[in-house]
Amino acid sequence: MQDLSRLPAWPGPGLTRVPFEVYRDRALYEAEQERLFRGPAWHFLCMEAELPEPASWRTTFVGETPVIVSRDGQGALHAFENRCAHRGALICLGEGGRGRRIQCVYHAWNYDLEGNLRGVAFEGGIDGAGGMPEGFDKSRHGPRKLRVAAWCGLVFGTFSPDVPDLETWLGPEICARLARVLGRPVRLLGRHRQMLPNNWKLYVENVKDSYHASLLHSFFATFRLNRLTQEGGVEVDESGGHHVSWSRMQTDRPNEDYEKGGLRAWKDDYALADPRLIHGRDEFGDGVSLQILTVFPTFVSQQVQNALAVRQVVPKGVDRTELLWTYYGFEDDDPELAEQRLLQANLVGPAGFISMEDGAVGGFVQRGAAGADGLDSVVEMGGAGTESQRGRATETSVRGFWKAWRAVMGL
Amino acid sequence: MSGLQDEVDGLFARYAMAIDDDRLEDWLELFAEDCRYRIASRDNVEAGLPVSVVYADGRAMLADRVSALRRANIYEAQRYRHVIGRALVEAGPPVTARAGYHVARIMREGDVMLFSTGEYRAAFDEALRIREMTVVYDNARIDTLLALPL
């Protein structure tokens, strides 16, 4: 257990103040690995579509812990630490592989796809010399295993024996919202990897923060698209940790005024020269053109018009975070929709028209908070609670994050 | 052939200098009207996965990218410094070329990092304007964000 006694008491009351140490403190970061990432929470591992075949595996992370997620010969999912039981080397280097056994390169110990140690090289010695002692029991040595469960093609794992089953953990609202976008067989479109110069929580807060969207990101306003915005809201689950923010925008049919503006072309400012980029199709039939969903602590599901992706937030140190984006469409996409997804992938991501700023803004806080130990940030937009709210000028889901984080961290 | 080689190398030099000088409007002029421009990771390209970090179908979309950088997007002041290797040119038609690059990113604050390495895969029209440009980057991870084009 890390000694967190030097941290100040949480500035009360409630969730409207967040001490800057939470982004900077090394002992706290280590405590998160233990209490949160190896504790009672489900963590996204990969999409089932990334692991389509029996007898195959992929590498992933739960917090900093390297993990292998696999399908055995019968197609059942498993996950276990990517750490050899012998000396601790990575069992699998690289992205993954296929076969019946995974072998560590260091001393060739090998494992089945459930993570059981099956083979120890030279276990009986060489010519009667050396080898493992008589009583060495392979079944008592192995990487730690995770519980695994999937919902709508999303594979989650947990080291905790206590956390309730995945569906209960997600709750009915999140399950329904995930099912809304992930109801059909998925086709992978590709991945982006991005390094963020900030603590992982700053990125998660940013995703949950609907207040900043129209202020930091001016793509829609600059190109006069924001008048299309109709309605939206933020829903927070009871734990506080999961959220959905959504809005409806009329982008499924071309706007005539806008098209006329576009014809004036790209030397004339303030109009897109080629507005095909923002012509979404109402593929889910409910007019919702934006749905950003988080599952506590580090999973994001994104629908930005027809750009569909999941994001996995991987802490890489107190002030470094890797963001893994997996873009997808569906097997039954027609060619036009398939192309539209590729065009709209421009809207978000490391170079996203709408939101490239999100890659940098966490670093601005990280740098701004240097020397601010003992001081707090203010999270009071939309009140002090964590209830679902209409409109987007609220930080209710950011407070929700801290509610869930404090509960699991015991702080 | 050496004439064509020089022309293609010269075009890559103009491409690099236009970006590094922050003359993105001049950079646009190197592209054909019906060009396609993509920035995609080597991992995706080799796996046959189609998603790009930047994708413009036509010069108008590329122009939108430039005007968004000028007017809409917020990013810390930064410059690139390209070093592009001698192009490997195929006379075609169409003329195609591959060339390796290093791009350093220089932040106003003073930090310089090797931001990206990779290769340009280009195809040209008769006037040697860029019809197809796929920037295949080797660095699996993009640091912070990718604002300026590679």
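# Exercises on a predicted two-chain model

In this model, a polar atom of the side chain of T396(A) lies 3.5 Å from the backbone oxygen of G385(A). The model is a predicted one, and the exercises below start from this residue.

## Exercise 1. The setting of T396(A)

Determine where T396(A) lies, whether T396(A) is buried or exposed, and which residues distant in sequence are in contact with T396(A).

*Solution.* 

Step 1. Locate the residue: T396(A) belongs to helix α9 of chain A, which spans residues 396-409.

Step 2. Assign the burial class. The relative accessible area of T396(A) is 0%, and buried means under 20%, so T396(A) is buried.

Step 3. List the surroundings. With neighbours within four places in sequence left aside, the contacts of T396(A) are V234(A), V236(A), M381(A), G385(A), T386(A), E387(A) and Q389(A).

Step 4. Examine one of these contacts, G385(A). Its backbone oxygen is the atom found 3.5 Å from a polar atom of the T396(A) side chain.

## Exercise 2. The setting of E395(A)

State in which loop E395(A) is found, and which backbone atom lies 3.1 Å from a polar atom of its side chain.

*Solution.* 

Step 1. Locate the residue: E395(A) is found in the loop between β20 (389-390) and α9 of chain A.

Step 2. Assign the burial class. E395(A) has a relative accessible area of 11%; the cut-off for buried is under 20%, and therefore E395(A) is buried.

Step 3. Collect the contacts beyond four places in sequence: Y211(A), V378(A), V379(A), E380(A) and M381(A).

Step 4. Compare sequence and space for one of the contacts. E380(A) and E395(A) are 15 residues apart in sequence, while their C-alpha atoms are 6.7 Å apart.

Step 5. Identify the atom: the backbone nitrogen of E380(A) lies 3.1 Å from a polar atom of the E395(A) side chain.

## Exercise 3. Enclosed elements of chain A

Explain why helix α3 and strand β2 of chain A are described as largely enclosed.

*Solution.* 

Step 1. Take the helix. Nine of the nine residues of α3(A) (residues 200-208) are buried, so the helix is largely enclosed by the rest of the structure. Among the buried residues are W200(A), L202(A) and V207(A), and also K201(A), E205(A) and K208(A).

Step 2. Take the strand. In β2(A) (residues 43-47), five of the five residues are buried, and therefore the strand is likewise largely enclosed by the rest of the structure.

Step 3. β2(A) runs antiparallel to β11(A) (residues 154-158), with four bridges between them; C46(A) has V155(A) as its bridge partner.

## Exercise 4. Strand pairing in chain A

*Solution.* 

Step 1. Begin with β3(A) (residues 56-62), in which five of the seven residues are buried.

Step 2. Inspect the turn. β3(A) and β4(A) form a hairpin with two residues between them, and G63(A) in the turn has a positive phi of about 60°.

Step 3. Turn to β14(A) (residues 243-249), where six of the seven residues are buried.

## Exercise 5. The interface of chain A and chain B

Characterise the interface by contacts, buried area, polar interactions and contributing elements.

*Solution.* 

Step 1. Count the residues: 44 residues of chain A are in contact with 36 residues of chain B.

Step 2. State the area. The two chains bury about 3600 Å² between them, with 55% of it on carbon and sulfur atoms.

Step 3. Count the polar interactions. There are four salt bridges between the chains, including that of R367(A) with E109(B), at 3.8 Å from N to O. Residue pairs in polar contact across the interface number 21.

Step 4. Assign the side of chain B that touches chain A. The elements giving two or more residues are β1 (31-41), β2 (54-57), α4 (59-71) and β8 (141-143) of chain B. The largest share, ten residues, comes from α4(B). By class, this side has 19 nonpolar, six polar and eleven charged residues.

Step 5. β12(A) (residues 186-196) and β8(B) pair in the parallel sense over three bridges, and R193(A) has R141(B) as its bridge partner.

How values were computed. Residues numbered from 1 in each chain as written. Chains lettered and ligands numbered in written order. Predicted model: local features only at pLDDT ≥ 70, side-chain atom pairs only at ≥ 80, totals over all residues. Heavy atoms only, no water. Buried < 20%, exposed > 50% of the residue type's maximum accessible area, 1.4 Å probe, protein only. Polar contact = N/O pair within 3.5 Å; in protein donor to acceptor, adjacent residues only side chain to side chain. Contact = heavy atoms within 4.5 Å. Buried area = accessible area lost by both parts, 1.4 Å probe. Salt bridge = Lys/Arg side-chain N within 4 Å of Asp/Glu carboxyl O. Nonpolar A, V, L, I, M, F, W, Y, C, P; charged D, E, K, R; others polar. Pairing = 2+ DSSP bridges.
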